Amino acid sequence: SAASDVYKRQVWGRGSKNATDILMQGLEKLEYRGYDSAGIFVNGQETAAKLVKSVGRIADLRGKLGIDVSGTAGIGHTRWATHGKPTEDNAHPHTSTSGRFILVHNGVIENFVELKNEFLMNDTFKGQTDTEIAVHLIAKFAEEEGLSTLEAFKKALSLIQGSYAFALMDSEDAEVIYVAKNKSPLLIGLGEGYNMVCSDAMAMIRETSEFMEIHDKELVVLTKDNVTVMDYEGNVLSRESYTAELDLSDIGKGTYPFYMLKEIDEQPAVMRKLIATYANEDGTMKVDQDIIKGIQEADRIYIIAAGTSYHAGFGAKMMLESLTNTPVELGLASEWGYDMPLLSQKPFFIFLSQSGETADSRQVLVKVNELGLPSLTVTNVPGSTLSREATYTMLIGAGPEIAVASTKAYTGQIATLAFLAKAVGEAEGEVKAKEFDLVKELSLVAQSIEATLSEKDEIAAIVADLLPTTRNAFYIGRKQDYYVAMEASLKLKEISYIQCEGFAAGELKHGTISLIEKGTPVLALISNNVEVAAHTRGNVMETVARGASAITIVEEGVAREDDTIVVNQVHPYLSAISMVIPTQLIAYYASMQRGLDVDKPRNLAKAVTVE
Ligand code: M6R
């Protein structure tokens, strides 16, 4: 697109308590998502209305707040810069020239240059963001054409193209917050004598567990006592609220130095919780019959996802195909949004997403829904956009994943798909599915994870030895191990900034081996498949012959004395879960030993809500 600006953030207001406290607590709750500047605006009853912005952390913003910054309504925001540097001028909230209108925005206004040229040639702007164009546009329609704030907002919305979650305030009537949404997430939170709106329920659950959805191209007028939802023509819409099952107690870091380590450690518990969720006492599956039927009727399963969730799809592919007898095709959400291939006659879509908010995945789901095709979202966040908009949902139930680097969601997604695969296979009368004792096998996976977790010190020492200053590294493997190598390398690069490729071991000699030089770390993943193991070992030797420093992460059945890390044996369908654990720890220690902020790597956000 011609422009972009911000990404995830949160916007909200309320009535009876101090809006500043509520805004700041909410912004802090969402810090884990990644941002580079922040700001709030609160109306002032006794003091003047306040706008405070800061580059850096929420703590920096807090440091700038005077005690006079209080009010009964306000909007706040964290910005993740994509267009326009992270400066105070580019931070939200943005104001109109007169200062009357104040706006926060999540998303990308694609035609902001055109709007500026057509309507705002004489205006002066403080920064480079598209959001500033939007607030100037609203001001122009209100101040020059005499439209009411609602009408000016509606007129601006009729012209704006792109994705947005807007929250607008008019300082001449600063008890009202005007909200509109298209593509970007936004939820209303309801309370007694107050209402709020936010991009993530997590920031509101301290205040309420009662929520109301807003759909794309809807507008909301919010006061402390009223929530009016309408379409862009101004027709008032009725909307039921719902209660969300979110638990704030899960969010704490406890005694852990970083969330990522806590979340890595939680994985055995996640496996056991999934057994309780998706298996009955007698070992039969507890999976929604409609989902099973939907897949039985399909001639192909399409898994759509991004990043780590995409890799989880690969981790489950072989198991799904084998147990359901249905071909599985993986699609990168960011590609499929524009380049949907020729589909089979009876497709069934599975969306994998920890957050349930990934815009790339959602744009594919919108198309899938337009085509009237069935879909299932496997997510960690109940009530998330992808969950609400897909035909079916299966929850991972891993508890909030706060670290940007996804760990327990990956293993939880594969395990959830295992229950689905077995349930469908059994319904099909597939012998392999009946014989696959998933409850037992997943319990063994939990034990295998625990065994690896007990080797943390050894893994930290290996990392200190192998990766202290290296700029690049390779993970290699074949079959399932290749898929794990892709995930392992993503994890290492995203938090340690070591350039790392996950490579099909046999493919190295077709070009990439030229990058191997003295000391290049090559980490080989070798699970229990005798034929494949021998070939991968051969590929390791090829790199060692060219100077590589190799480490081997090997499953018990094919392990040798000189292997670096040995992983307890699990069922081959589930090896992507147990084999990934050492690689998560390697990434964690590589980042920690370099003194980096493990949970909040540079340039990244937790939920990627722009395309
Ligand atoms: O919330 P999602 O699972 O849809 O997110 C997809 C990716 O953005 C995410 O997995 C990302 O790659 C992680 N930072 C990887 O650790």
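Tutor: Start with Lys262, which is buried, with a relative accessible area of 12% (buried is under 20%, exposed over 50% and partly exposed in between, with a 1.4 Å probe and protein chains only). The model is predicted, so local features need pLDDT of at least 70 and side-chain atom pairs pLDDT 80 or more, while totals for chains, interfaces and linings use all residues. Residues are numbered from 1 along each chain as its sequence is written, and side-chain values use heavy atoms, without hydrogens or water.

Lys262 belongs to helix α6 (helices are DSSP runs of H or I with at least four residues, strands are runs of E with at least two, and both are numbered from the N terminus). Between the C-alpha atoms of Lys262 and Ala403 there are 9.3 Å in space, although 141 residues separate the two in sequence.

Now turn to the aromatic rings. The model has 16 aromatic pairs (ring centres of Phe, Tyr or the six-membered ring of Trp within 6.5 Å; planes under 30 degrees apart are stacked, over 60 edge-to-face, the rest tilted). One of them is Phe258 with Tyr588: the ring centres are 6.2 Å apart and the planes stand at 75°, so this pair is edge-to-face. Phe258 is in the loop between β14 (242-243) and α6 (259-265), whereas Tyr588 is in helix α19 (residues 575-593), so the pair ties together parts that are 330 residues apart in sequence. Phe258 and Tyr588 are both buried.

Phe436 and Tyr573 also make an edge-to-face pair, because their ring centres lie 5.0 Å apart with the planes at 85°. This pair links distant parts of the chain, 137 residues apart: Phe436 is in the loop between α14 (431-435) and α15 (438-453), and Tyr573 is in the loop between β24 (565-567) and α19. Phe436 and Tyr573 are each buried. Elsewhere, one aromatic cluster is formed by Tyr302, Trp336, Phe349 and Phe351.

Arg602 places its charged end over the ring of Tyr497, 3.8 Å from the centre (NZ of Lys or CZ of Arg must be within 6 Å of the ring centre and within 35 degrees of the ring normal). Tyr497 is located in the loop between α17 (480-496) and β21 (499-504). Tyr497 is buried as well, at a relative accessible area of 18%. Its backbone has a positive phi of about 65°, although Tyr497 is not a glycine. Lys155 lies over the face of Phe141, 4.5 Å from the ring centre.

Lys217 is another residue other than glycine with a positive phi, near 60°. The loop that holds Lys217 runs between β10 (210-213) and β11 (218-222). Lys217 has a relative accessibility of 47% and therefore counts as partly exposed.

Strand β11 is part of an open, antiparallel sheet of seven strands, in the order β4-β5-β6-β7-β11-β12-β13. At the edges are β4 (94-95) and β13 (236-237), each with a single partner strand, so one side of each has no neighbour in the sheet. Two bridges join β4 to strand β5 (residues 101-109) in the antiparallel sense (strands pair if DSSP finds at least two bridges between them). Within this pairing, Thr95 stands opposite Ile102 in β5. Pro93 is in the loop between β3 (74-79) and β4. The peptide bond that joins His92 and Pro93 is cis, with omega about 0°.
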